[in-house]
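Please read them alongside the sequence and the model.

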Amino acid sequence: RSSDVGVCPLCRKVVEYGVCCAACGGWFHATESCCGEALADAFLRSGREAWCCLNCAPRNEPPPAAAAASEKTPAPAALTADLASWRHAFRLLADACGGCGRQIQLARRHVRCAQCDLAFHASEECTGLSAAKVEGACSDASWRCPTCLLHETGCTVPGGVIDEDVAKGKETRPIPIINEVDEEPLDVHLPGRSAITEFEYLPQVAWRHKRAIEQRARVPLADWGGRCIAHEACSWLPATDASRGRPVRREEEKSGGPAYNNERFLLYARDCIFECNSTSGCDESCFNRVVGRGISLPLQVFKTVGRGWGVRSRNPIRAGTFVCEYTGVMLRDEDAEAAGLEVDDSYLFNLDGEEKGQVAKRRKTSHEGPSGVDARTQDNPELCVDASRTGSVARFVNHCCDPNLFVQSVFVEYSRHVHRIALFAARDILAYEELTYDYGYVVGSVQDKTLACLC
């Protein structure tokens, strides 16, 4: 606080034009450097109401010296997050367009948001709406701008949420379907693909085919004997015939250690990692239980422009965050080949759990030669996940040559062959940025099939 009249308490310069705090009586320059986030409050009040600086706003109580003045003038309200955007407040004060920033002329047609009170020129460029929707907004007193709609519903257009939850309550939080592009209904059938309304959501892989179920009975379980492996999640390799179904400890000592930090962020990508399961002595609060806990991000399935459906998150995502798991119906590879005419290969995901837990999208259509480091046998066939008609939100994640997600093999229940196909953030991802990963296709690897790159 300054005892000098007309001197800013922060920059110590004379205030020729500024705002006065009703609580402490100090004068501040009307700039962001001197008023900070309280500048937005000053713009909104515009000298008509009492204003207080950041030092006085949290207490919301004037000092004794200002008690006499407070009897005549109501005490200023505490600063809230809604008043923190000083640019928004400046446009309100200047009556500037929320789209282009130019001043709104009363002679020109404009629309005003019923929630934030920002005005926009009635044009496609400023509102981001089509000409028909702009006409409707001009006559709708309850119209809200795309920013307010996005904060409230996660969608920028009215009625854009066409399904509240594609998971139908099977995940810990709903995953809505958003269409801000066109009026395409959910029950539309694209060539070679089924409609979303015929899609069955599966939070984990399902074993439904007879031969796959028989193979499952021969897959060894990961039994840790009541021991928590949080600090040795990277110290193991998949089981072998010689290990009798038990995970094999890595020979390199430096290759071991935990897979996640205490905040459940993946430390770095590995060929495979093991998580604690029901045979471990820890509970659900263990930081080595990530993929097994399911989705925790506010994901959305949304309509893209030219790439079909995609996936995004309403919140920013930090690098190393688990995003979702690729699920579907488990098939033996030869069964998937037999059903190749009925199943869209784009949704088949190979599991190479025997070869260091590597996974990739469909790579071949014949069994000529070995399929990995070691050729499969009748007792140890290659497996794949079919998400053409069943699966999780991961089936909607599009391909990109420069992706922001990557695939990580995570063993939870089993010690060999069968692992979780987990998608993790490869870098920090912005809110509402489309989530993508590299499908790993090799040109010419699938006979008579091409995959167009749309990234």
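What is the mean pLDDT of the protein chain, and what percentage of its residues reach 70 or more?

1. Confidence. The model is predicted. The mean pLDDT of the protein chain is 78, and 73% of the residues reach 70 or more. Among the elements of the chain, strand β13 has the highest mean pLDDT, at 96, while helix α3 (residues 67-72) has the lowest, at 44.

2. Stretches to treat with care. The pLDDT is below 50 over residues 59-84. In the model this stretch has 31 contacts beyond near neighbours in sequence. Residues 363-378 also have pLDDT below 50, with 36 contacts beyond near neighbours in sequence. Where pLDDT is low, predicted coordinates should not be read in detail.

3. Overall make-up. The protein chain contains nine helices and 22 strands. Of its 455 residues, 47% count as buried. The accessible surface comes to about 23600 Å², and carbon and sulfur atoms hold 51% of that surface. Among contacts in the chain with a separation of 6 or more, 63% are between residues 24 or more positions apart.

4. Nonpolar cores. The largest nonpolar core has 40 residues. Leu299, Tyr326, Val393 and Leu405 are the residues with the most contacts inside this core. At least two core residues come from each of β11 (299-303), β12 (309-313), β13 (322-326), β15 (348-352), β17 (383-386) and β21 (420-425). There is also a second, separate core of 25 residues. Ala222, Ala259, Val291 and Phe424 are among the residues of this second core.

5. Strand β20. Is this strand largely enclosed or largely open? Strand β20 covers residues 405-411. Five of its seven residues are buried, so the strand is largely enclosed by the rest of the structure. Strand β10 (residues 273-274) runs parallel to β20 and is joined to it by two bridges. In this pairing, Ile273 stands opposite Val410 of β20. Strands β20 and β21 run antiparallel and are joined by six bridges. There, Ser409 has Ile421 in β21 as its bridge partner.

6. Cysteines. How many disulfides does a search of the whole structure find? The search finds zero. Cys97 is in no disulfide, and the nearest cysteine sulfur, that of Cys126, is 3.7 Å away. The cut-off for a disulfide is a sulfur pair within 2.5 Å. For Cys272, the closest cysteine sulfur belongs to Cys234 and is 8.5 Å away, which is too far for a bond. Cys97 counts as buried because its relative accessibility is 0%. Cys272 is likewise buried, because its relative accessibility is 0%.

7. Gly440. Where in the chain is Gly440 found? Gly440 belongs to the segment after β22 (436-437). Gly440 counts as partly exposed because its relative accessibility is 32%. Gly440 and His399 are 41 residues apart in sequence, and their C-alpha atoms are 8.9 Å apart in space.

Definitions and conventions. Residues numbered from 1 in each chain as written. Predicted model: local features only at pLDDT ≥ 70, side-chain atom pairs only at ≥ 80, totals over all residues. Heavy atoms only, no water. Core = buried A, V, L, I, M, F, W, Y, C linked by side-chain atoms within 4.5 Å. Buried < 20%, exposed > 50% of the residue type's maximum accessible area, 1.4 Å probe, protein only. Helix = DSSP H or I, 4+ residues; strand = E, 2+ residues; numbered from the N terminus. Contact = heavy atoms within 4.5 Å. Areas by Shrake-Rupley, 256 points an atom, 1.4 Å probe, with all protein chains shown as cover. Pairing = 2+ DSSP bridges. pLDDT = per-residue confidence, 0-100.
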